[in-house]
Amino acid sequence: LKDDDLLAESDVDWQASSASDKRKVMLAFAIKLTADPGAMERSDVDALRGAGFTDLDVLDIVEVVGYYAYVNRIADGLGVQLEDWYPDDD
């Protein structure tokens, strides 16, 4: 991201952040794929294409979202603890 201000804004409310419309479309797609993968429809991919993403971009986005879901489930399933340096959500 290389933009600490945008990162801070996105952490609070990515939809109200100064992120580009293209990035917001990508984030909405990623959140839906993460939270409710069974609800994904062709129109979700079409929204990415409409925002300017290529088919290869769409594949990359889906692979990254899927990879993070996979790694998180492995870590959660094995009871992996966060590193000491990782910020607490409190």
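Predicted model: local features only at pLDDT ≥ 70, side-chain atom pairs only at ≥ 80, totals over all residues.

Residues are numbered from 1 along each chain as its sequence is written, and side-chain values use heavy atoms, with hydrogens and water left out.

**Exercise 1. The overall picture**

Describe the secondary structure, the extent and the surface of the protein.

*Solution.* Step 1: look for helices and strands, which are DSSP runs numbered from the N terminus (H or I, at least four residues, for helices; E, at least two, for strands). The protein has four helices and zero strands, giving the pattern α-α-α-α along the sequence.

Step 1: turn to the extent. The C-alpha trace spans about 40 × 30 × 20 Å along its principal axes.

Step 2: The accessible surface is about 7200 Å², and 54% of it belongs to carbon and sulfur atoms.

Step 3: ask how much is hidden. Buried means under 20% relative accessible area, exposed over 50%, and partly exposed in between (1.4 Å probe, protein chains only). Of the 90 residues, 16% count as buried.

**Exercise 2. Pairs of opposite charge**

Find which residues form a network of salt bridges, and which pair links distant parts of the chain.

*Solution.* Step 1: recall the idea. Side chains of opposite charge can pair when their charged atoms come close. A salt bridge here is a side-chain nitrogen of Lys or Arg within 4 Å of a carboxyl oxygen of Asp or Glu.

Step 1: count. The structure holds three salt bridges.

Step 2: take the pair Lys32 and Asp44, whose closest N and O atoms are 2.9 Å apart. This pair links distant parts of the chain, with Lys32 in helix H2 and Asp44 in helix H3 (residues 42–50), 12 residues apart. Lys32 counts as partly exposed because its relative accessibility is 26%, whereas Asp44 is buried because its relative accessible area is 14%.

Step 3: move to Arg49. Its side chain meets that of Asp46 in a salt bridge (3.3 Å, N to O); both residues lie in helix H3, three residues apart, about one turn of the helix. Arg49 also meets Asp55 in a salt bridge (2.7 Å, N to O).

**Exercise 3. A lysine without a partner**

Is Lys24 buried or exposed, and which side chain of opposite charge is nearest?

*Solution.* Step 1: locate Lys24 in helix H2 (residues 21–35).

Step 1: check its surroundings. Lys24 is buried yet has no salt bridge. The nearest side chain of opposite charge is that of Asp21, 5.0 Å away.

Step 2: list the contacts, meaning heavy atoms within 4.5 Å. Leaving aside neighbours within four places in sequence, Lys24 touches Trp14, Gln15, Ala16, Ser17 and Ala19.

**Exercise 4. Patches on the surface**

Identify a nonpolar patch and a patch of negative charge.

*Solution.* Step 1: know the rule. Patches are made of residues with over 30% relative accessible area and no salt bridge; like charges are joined within 9 Å, and nonpolar side chains (Val, Leu, Ile, Met, Phe, Trp, Tyr) within 5 Å. Lys and Arg count as positive and Asp and Glu as negative, while His and the chain ends are not counted.

Step 1: find the nonpolar patch. Val64, Tyr67, Tyr68, Tyr70, Val71, Ile74, Leu78 and Val80 form it, with about 850 Å² of accessible area together. Val64 lies in helix H4 (residues 55–78) and is partly exposed at 47% relative accessibility.

Step 2: find the negative patch, where Asp3, Asp4, Asp5 and Glu9 gather. Glu9 sits in helix H1 (residues 4–13) and is partly exposed, with a relative accessible area of 32%.

**Exercise 5. A buried valine**

Which residues does Val58 contact beyond its neighbours within four places in sequence?

Step 1: judge its cover. Val58 counts as buried because its relative accessibility is 8%.

Step 2: name the contacts, which are Val45, Leu48 and Phe53.

Technical notes: Areas by Shrake-Rupley, 256 points an atom, 1.4 Å probe, with all protein chains shown as cover. Charge placed at Lys NZ, Arg CZ, Asp CG, Glu CD.
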